[in-house]
Amino acid sequence: MSCLILIIVFLLMAAKNNGKSGILVSVVIPAYNEENTVANVVKIAMSSKYVHEVLVVDDGSTDNTYEVAKVAGASIIRHTNNHGKGAALKTGFKHSKGDIIAFIDADLKDLSTKQVENIIRPIIEGKADITKTKFKREAGRVTELTAKPLLDFFFPEIKFDQPLSGQFAAKRTALTKIRFEEDYGVDVGIVLDADVLGLNIREVDIGEIQHQMSTLSDLNLVANEVVRTIVDRAIEYGRVTMMDSMGKSIRMGILGLSLASLGVFGVFFIRFVPSTLWIIVSIIGMIMAVYYILKLIKRSYHVLLRQEGRIQSVKSFTYMHFPILVSGLILIAMLSTLLGAVHVDEGKISIEPNSGNLIIWKSNTENRTFDVRGPYEVDSALENENTLIRISKEALDTLGLQYGDKVYIHSESYTLNETRPGETNILRIPLDARKSLDISIGEVIQDSNLRKIFNGIYAQKNLALLENITNVTILNGYSIQNDVEKSYMVDIFLDKKKVSTTNGIFKKGAYSIYVDGEKVKTIQIGDKVIKDDYYIYWENHIIKIQIGNESTSDMRFIPAEEGRFLSIRFEE
């Protein structure tokens, strides 16, 4: 009898553990101001026999979403600001542990355990790499009016009833190959990437569910982001060029002009390649250019022969190809300029630039240079450098900092140091700092996203001295911001001489000033910043802090409760 009881208990435990030992399933729920519905979605997900982990990504909610989801029993990951649905899904994926990850919206009102399991089951059974859902609903305007027509045009092989369904699941191995869009384009982006990669996608009918109805302005935003994603993917995966016969003639003609220009340029300026080869390149380019330009003229002539829609055809042609036609005109101008500078004298060919055929540049010291920044690849810190962050000069410029400045990440101080030779775009960051910044080794950060990663980090900056003074150091405390706001210039005077200046954003609160490690003054800033002078008398020195003209900045001055606004040190 006891053996029978043990067998029954074992079978019940096996059933509860989903019958697929070793396969972990995570459910990720992106949520933004969904306090009324998120708890029910969490409870339904947790009730599934397949699910081992439920994560709610609170994407900067301003209501009680965080507290409600936590009480419901979910693990919570919180964005300080609203980054978008795609960013929330990416965060949830990075922090999940499952071999299979299901993504479910937080605003569903009547979700059932069966529906959750229907999304997950085909992947567990090995019938799909990715499942996406279709369901009965009242809305669907973005799908019918934007997504489907564009998909039919650019990706005709995709025949899903609801390509924008927000509920889907996938193997972790599949998701690692896919790029997550930051916004509402994430759903269709995953479908398109999976299609191009040849992954097995299955559309699962889960019956009827109800979303909160979106306003027209919200739908407009969703439609814009969906259209952008589809068009971007169509360009990226070559679907536009496959449908553009006239565009092909233009592109090949411009390729010919480019080769001809390159050949002429190479004959006179690239010495390590034989001139004969450059002449051959130039001749091939000229032949290609003439052939495809004549072909384009012929095609354009047949289009314009039609009586109906002639004006619209010209307009469409102009809208589609005007930028590339301008590029062709530039190449023609460059080629004619180079050829116009060629001189033949006693059988010798030379190129003699003059003001009639070339632009004359100013001296090198007056010419502007290009500033190319990023992307940056994250790597581990070097041995015994647990308090250093090695960072390139370009990345420092983006953050508005300098070598020798310090950043405080979870109260730990890290000094910014230069990169090693040959590691221009490598960010070497210690382990604890990487964890706090939520980045990992091998992750690539675009320059435009660098300030987002360091957003809110306390930085202590060495201010440059205007006077030739060697016995004073002035440190300014900042919080790195991602957005530009109204700021104020702050000038620092020592013994009636202006020695340094800084610029930053003031918020209401107290700002502390230290001299030689001792707090000597606190500046109170109210709802409105008042331009004023603040005096400090230290030993035989008079220090004046002057809040002056308005400006703009993406650095916020650090208030007293977070750190030191100004720190002045006199060296003996």
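Me: In this predicted model, is Y291 buried, partly exposed or exposed?

Reply: The relative accessible area of Y291 is 48%. Buried means under 20% and exposed means over 50%. The value for Y291 therefore makes this residue partly exposed.

Me: Which residue forms an aromatic pair with Y291, edge-to-face at 4.9 Å centre to centre?

Reply: The structure holds twelve aromatic pairs. In one of them, Y291 is set edge-to-face with a ring whose plane is at 85° to its own. The partner is Y292.

Me: Is I297 buried or exposed?

Reply: I297 is found in helix α12, residues 275–305. Together with V290, I293 and L294, I297 forms a nonpolar patch on the surface, with about 360 Å² of accessible area in total. The relative accessibility of I297 is 52% and the cut-off is over 50%, so I297 counts as exposed.

Me: How far apart are the end C-alpha atoms of helix α8?

Reply: Helix α8 covers residues 186–197, which is twelve residues. At 1.5 Å a residue, the helix should span 16 Å. The distance in the model agrees with this: 16 Å.

Me: How many of the residues of α8 are buried?

Reply: Helix α8 is mostly covered. The buried residues include V186, I190 and A194.

Me: Which ring does the charged end of R564 sit over?

Reply: The charged end of R564 is 3.9 Å from the centre of the ring. A charge counts as over a ring within 6 Å of its centre and within 35 degrees of the ring normal. The ring belongs to Y514.

Definitions and conventions: Residues are numbered from 1 along each chain as its sequence is written. This is a predicted model: local features need pLDDT of at least 70, side-chain atom pairs count only at pLDDT 80 or more; totals for chains, interfaces and linings use all residues. Side-chain values use heavy atoms; hydrogens and water are left out. Helices (H or I, at least four residues) and strands (E, at least two) are DSSP runs, numbered from the N terminus. The expected span of a helix is 1.5 Å times one less than its number of residues. Buried means under 20% relative accessible area, exposed over 50%, partly exposed in between (1.4 Å probe, protein chains only). Patches are made of residues with over 30% relative accessible area and no salt bridge: like charges are joined within 9 Å, nonpolar side chains (Val, Leu, Ile, Met, Phe, Trp, Tyr) within 5 Å. Accessible areas come from the Shrake-Rupley method with a 1.4 Å probe; for residues, only the protein chains shown count as cover. A salt bridge is a side-chain nitrogen of Lys or Arg within 4 Å of a carboxyl oxygen of Asp or Glu. Rings of Phe, Tyr and Trp (its six-membered ring) pair if their centres lie within 6.5 Å; planes under 30 degrees apart count as stacked, over 60 as edge-to-face and the rest as tilted.
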